[in-house]
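Thanks for coming, everyone. I'll keep this quick. Let me put the structure up.

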Amino acid sequence: MQDSAVELARNAGQRLFHFHGGLHLRHHKQACCQVALQAVAIPPRLYIPLMQHAGPEATPLVTIGAHVLKGEPVGRFDEPSIGYVHAPTSGTVTAIARQAITHPAGLEGLCVVLKPDGLDRWIQLQPIEHWQSVDPELIRQRICESGIVGLGGAVFPTSKKVEEARKSAIHTLILNGAECEPYISCDEMLMREQPDKVVLGALILQRAVAAEQVIIAIEDQMGEVFSALQTAVSKAECTHIRLVKLRTIYPEGGEKQLIQVLTGLEIPAGCRPPELGLLCHNVATAAAVAEAVTEGKPLVQRVVTVTGNGVKRPRNLLALIGTPISNLVDACGGYTQDAARLVLGGPMMGYALASDQNPVIKAANCILVLSSRDIQPDQAEMPCIRCGECARVCPALLLPQTLNWQIRNDLLDDASDSGLGECIECGCCDYVCPSHIPLVEWFRFGKSEHHLLALERARSDLARDRFLAREARLEQLKQDRERRLSEKKHALQDRPTVESGTTGQGPA
Amino acid sequence: MRQVLYALCPGIVAYTWFFGTGILLQILLAAGFALLFESLMLKVRQQPVALFLNDWSAIVTAVLFALCLPPLAPWWIACVGMFFSIVIAKHLYGGLGHNVFNPAMVGYVVVLISFPQAMTQWLYPVSIAPTDIGFLDGLWTILSGQLPAGMTWDAITQATPLDTIRTSVASGHTIAEARQLETFGDLGGRGWEWISNGFAAGGIWLIWRRVISWQVPTAMIGSVILLGLAGYLLDPGSNPSPLQHVFSGAIVLGAFFIATDPVSGCTSPRGRLIFGAGVGILTLIIRRWGAYPDGVAFAVLVMNMAAPLIDRYTRPRIYGH
């Protein structure tokens with residue numbers, strides 16, 4: 001990484017830059033933000049999926065019938081730096097079964113089914129007393145053991161991120177509070193009601209990666225959040241935390257766009273932010289880190305926004321991981337008459353769920369219940385007219401119409417060259433397309449097809465190499481055999497001929 | 001697409017005001033033939049007819065084509081033109097979104113080259129016309145191909161302002177002398193400049209509504225002004241002033257409505273600038289040295305051919321690369 005880029009990155013937040021494209025969307029956040037956070041009552045059953053994010057499932061650590069305490073690990077991921085899944089409350093494990101889990105493809109996964117005993121007893125909590133002076137590796141280990149993942153939606157294992165970041169020299173830790181997708185306000189409520197925890201988490205993460213300064217980035221329409229955070233920062237008496245207000249534009253909360261707005265720099269292809277000396281974490285992740293380090297509590301709950309015209313009283317809720325979504329909707333007064341579709345996530349990047357029995361997972365930042373008047377009628381997909389609107393709004397500076405026809409015509413290598421891998425699937429192009437082409441779906445399809453193609457190629461390359469090696473080996477064997485035969489033949493010919501009549505000399 | 005039609009209305013109103021109702025009949029005829037050919041081709045290609053007709057793109061092609069015709073052109077001109085536009089230039093190349101050439105311009109060019117006489121029977125502006133052609137007389141002329149009794153083509157038609165300039169310069173007069181004729185208004189031809197204003201107003205509204213992008217009109221009109229200025233400064237006698245160029249013929253219509261056709265033009269912003277500049281420059285070259293008085297249609301078709309190449313070399317840089 002060029003030193004000049006790293007130096008420029010040190011000035012993060014001094015002034016604001018622009019990123020290309022983006023959309024100004026209506027927020028729909030007022031209704032939820034007017035009511036305080038409320039905890040959802042413990043449901044009669046909790047379904048804890050062992051697959052919480054990309055990658056293989058965790059291995060169950062408990063058996064059926066076992067009694068677990070709140071915060072006890074129930075699943076462990078094979079890769080050590082990813083961590084664990086914990087029991088959200090105390091109770092008995094009634095089943096470990098495959099069932100439909102909260103997943104974009106509606107897949108089934110292994111779930112630990114927990115029957116709460118109502119006592120909600122924690123395990124023996126072991127806070128790290130003096131985190132300001134312990135080895136940062138200890139902090140990272142605690143993050144790993146607490147099963148903390150990125151709570152902004154991407155659910156990347158936080159300890160893995162911290163581990164990789166420590167290989168580079170991080171000078172700025174950025175806390176991403178720019179919740180840019182409409183309807184979602186869980187981060188905003190968390191920052192309003194628990195700003196001290198967010199600031200504490202920022203300081204702990206800063207120590208973990210040895211950063212020099214911290215920036216907490218929020219949107220300029222989050223009025224009360226700014227004052228709440230300011231109070232928390234002055235209470236904590238730290239001079240190296242800066243609050244930055246960003247212009248409200250979607251998708252500013254994307255890591256690459258956030259860094260571009262704060263520093264004016266683009267992350268070069270194939271590189272990651274730590275190489276520029278920057279590290280981004282979501283504010284909720286920071287709060288979870290604070291709880292894990294100072295209180296010893298692993299990640300067992302999160303703030304979920306339940307909103308949309310399909311629920312009677314939209315609000316933000318504090319829900320245990322594994323709570324069925326129907327319980328959350330009930331806590332909001334239930335469905336309205338014209339509730340039509342259940343979406344996990346926001347209107348731009350969320351996915352529809354088939355059933356409200358699906359559980360809350362670590363990635364569930366919002367439950368959006370759309371009413372029939374929110375959903376546009378299905379409009380037929382027309383041919384692309386090359387109007388260029390999609391390219392105008394793309395934050396990754398791609399040409400979606402080019403990618404579209406390349407994927408449709410199986411030119412996946414060309415699509416990859418045109419930047420298919422850089423697509424952040426924000427949905428801006430989809431939103432503006434006048435021909436109603438489902439562009440993001442095509443790009444997801446294209447990415448998976450390209451991945452499969454690469455696998456196929458690797459396999460056929462391996463098969464070809466093995467075949468060639470085998471051919472070479474057989475050829476070698478043949479040549480060896482011929483050589484030996486010809487040597488034998490020569491040896492026979494060179495021997496002196498036996499004279500006729502002479503008997504062999506043997507013992508008389 | 002419908003917004004494009006709304007934007008064309010001010011110009012069409014001005015046209016009717018200055019040259020009579022013939023143009024409205026041409027638009028109706030062309031639209032009728034366009035819908036007919038479009039439905040036929042969609043059926044033949046086994047595509048949903050109602051869905052694609054609802055797109056209004058065939059009507060836009062028809063209106064743009066009709067605006068290039070003389071108001072009293074016979075009905076079969078619209079028929080032949082729409083056949084070449086819709087059937088050949090649009091559907092035989094793949095239909096909506098796949099045509100390489102601007103369909104309206106293909107139809108116009110075919111008709112212009114094949115029927116030179118019918119395509120040059122331009123009328124006097126109403127204010128200075130020796131004879132008034134009413135609505136019914138116009139309808140009769142269009143449908144039968146013959147003028148009503150008592151009128152002759154020589155009496156009611158005149159050359160367009162661009163044509164007048166060309167013949168005057170060829171016969172040795174200067175442009176200043178030619179501009180003394182009644183057919184000229186302040187900038188371009190009498191009546192034609194107001195029509196251009198109408199189209200410009202509609203075009204600017206389209207830019208504001210984000211239906212078209214600003215690159216093509218700005219580049220095209222900009223290049224016409226620059227190149228026209230160069231010619232005017234070098235030889236005012238035989239080169240019209242830049243503004244006269246802009247307000248004559250189809251430059252304004254072409255800049256906002258024809259060269260901005262997204263399918264046959266470039267997609268990248270820089271590509272659009274080059275495309276627009278190319279159309280403007282080629283138009284002026286054809287006007288000055290070519291055989292036809294107005295070169296917008298030919299310029300657009302030539303640049304359509306170059307569009308994919310321009311796109312390839314003006315691809316924007318991807319984030320991070």
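Start with the contact between the two chains, in what is a predicted model. Chain A brings 21 residues to it, and chain B brings 17 residues.

Now chain B by itself. DSSP gives chain B 16 helices and 0 strands. Its radius of gyration is 20 Å, close to the 20 Å from the globule rule for 321 residues, so chain B is as compact as a globular protein of that length. The C-alpha trace of chain B spans about 65 × 50 × 35 Å along its principal axes. Of the 321 residues in chain B, 51% are buried. Next, contacts in chain B between residues at least 6 apart in sequence. Of these, 75% join residues at least 24 apart.

On to the domains. Chain B splits into domain 1, residues 21–122 + 124–157, and domain 2, residues 160–315. Over C-alpha atoms, the centres of domain 1 and domain 2 of chain B are 22 Å apart. How many residues does each domain of chain B put into the contact? Domain 1 of chain B gives 16 residues, and domain 2 of chain B gives 16 residues.

Which helix gives the most to the domain 1 side of that contact in chain B? Helix α6 of chain B, residues 103–114, with 5 residues. By class, the side of domain 1 of chain B that touches domain 2 of chain B has 13 nonpolar and 3 polar residues, and no charged ones.

That's the tour. Over to you.

How values were computed
Residues are numbered from 1 along each chain as its sequence is written. Chains are lettered from A and ligands numbered from 1 in the order in which they are written. This is a predicted model: local features need pLDDT of at least 70, side-chain atom pairs count only at pLDDT 80 or more; totals for chains, interfaces and linings use all residues. Two residues are in contact if their C-beta atoms, placed from the backbone, lie within 7 Å. Helices (H or I, at least four residues) and strands (E, at least two) are DSSP runs, numbered from the N terminus. The radius of gyration is taken over C-alpha atoms; the globule rule is 2.2 Å times the number of residues to the power 0.38. A residue is buried if 20 or more other C-beta atoms lie within 10 Å of its own, exposed if 12 or fewer, and partly exposed in between; C-beta atoms are placed from the backbone. Domain bounds come from an automatic or database domain assignment. Ala, Val, Leu, Ile, Met, Phe, Trp, Tyr, Cys and Pro count as nonpolar, Asp, Glu, Lys and Arg as charged, and the others, Gly among them, as polar.
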